Amino acid sequence: GLSLRARTLVYSTDRVKPGELTTYEALADKQWEGRLCLRTAKKVYNQSLTATLIETHGEAKTETWLRGLKNNLARKATGGDRDVARDILGGICDIGVANSYYVGQMKAAAPGSDNRKWGDAIQVIRPTFAKSNGTHINISGAAVAKYAPNKTQAVQLLEFLVSPKAQQIYAQSNYEYPVRKGVSVDPIIAQSIGSITPDTTPLMEIVRSRQKASLLIDKVGFDR
């Protein structure tokens, strides 16, 4: 792992009260019917979140959750996380899901730009799963191929990428959460999101349920 990306909940500063939404499971609640925007469920970010819910609650409850999400959509699941913030600003929806680094990019954009307007229109929640106190994390990472011709140099590169210097670059240039303890996040992330407590579901268990997640997403016709 080289950096961490929290899967946060974002909401309208005008139409949602702080504390109304705190868990991923609650996204499927009836009160959000017609008020939710999401990017396509085919993307890895939403697939990994779905896979984690399968590991947490099982396939049957996760299917019910997916159907609740689909019922709550204000428009077809499409686009990216910044489009979610755009549509919250436009009044199409009131809540959505976005990776933390997209939040940083929007809130750091030039004043008056579209990205800045989208960032200013949202507040951010560090959600948890109902059965844990952890926030879902996506990891950007790298590995060395088994037969890499320049293995020594490849390992040196990865060691540099987790050094304090490189971890600070990740935090400041792309608003990532560092994987290395003791490296501070960018001030914009610190102010708009704050520190995170990652969910402790083992990564290999999430990977194990990725295919199940993809099949469930197709079964409920989420993107249709």
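I count a disulfide as a pair of cysteine sulfur atoms within 2.5 Å. I am working on a predicted model.

**Entry: the disulfide**

I searched for sulfur pairs under that cut-off. The structure holds 1 disulfide. Cys 37 is joined to Cys 93, with an S to S distance of 2.2 Å. I noted that such a link is a covalent bond between the sulfur atoms of two cysteines.

Next I looked up the torsion about the S-S bond. For Cys 37 and Cys 93 it is about -110°, so I logged the disulfide as left-handed.

Then I placed the two ends. Cys 37 sits in strand 2, residues 36–37. Cys 93 sits in the loop between helix 3 (81–89) and strand 3 (95–99). The pair therefore ties together parts that are 56 residues apart in sequence.

Are these cysteines buried or exposed? I took under 20% relative accessible area as buried. Cys 37 has 0% relative accessibility, so it counts as buried. Cys 93 has a relative accessible area of 1%, so Cys 93 is buried too.

**Entry: Arg 15**

Arg 15 lies in the loop between strand 1 (3–12) and strand 2. Its relative accessible area is 33%, so I marked Arg 15 as partly exposed.

**Entry: the whole chain**

I listed the secondary structure. The protein chain has 10 helices and 6 strands.

I then compared the overall size with the globule rule. A compact globule of 224 residues would have a radius of gyration near 17 Å. The protein chain has 18 Å, which agrees. Along the principal axes, the C-alpha atoms fill a box of roughly 55 × 45 × 30 Å.

Burial came next. I read 49% of the 224 residues as buried. The protein chain exposes about 11100 Å², and carbon and sulfur atoms supply 52% of that area.

Last, I looked up the charges. The protein chain carries 31 positive and 21 negative charges. Their mean positions are 4 Å apart.

Notes. Residues are numbered from 1 along each chain as its sequence is written. This is a predicted model: local features need pLDDT of at least 70, side-chain atom pairs count only at pLDDT 80 or more; totals for chains, interfaces and linings use all residues. Side-chain values use heavy atoms; hydrogens and water are left out. Helices (H or I, at least four residues) and strands (E, at least two) are DSSP runs, numbered from the N terminus. The radius of gyration is taken over C-alpha atoms; the globule rule is 2.2 Å times the number of residues to the power 0.38. Buried means under 20% relative accessible area, exposed over 50%, partly exposed in between (1.4 Å probe, protein chains only). Accessible areas come from the Shrake-Rupley method with a 1.4 Å probe; for residues, only the protein chains shown count as cover. Lys and Arg count as positive and Asp and Glu as negative; His and the chain ends are not counted. The place of a charge is taken as NZ of Lys, CZ of Arg, CG of Asp or CD of Glu.
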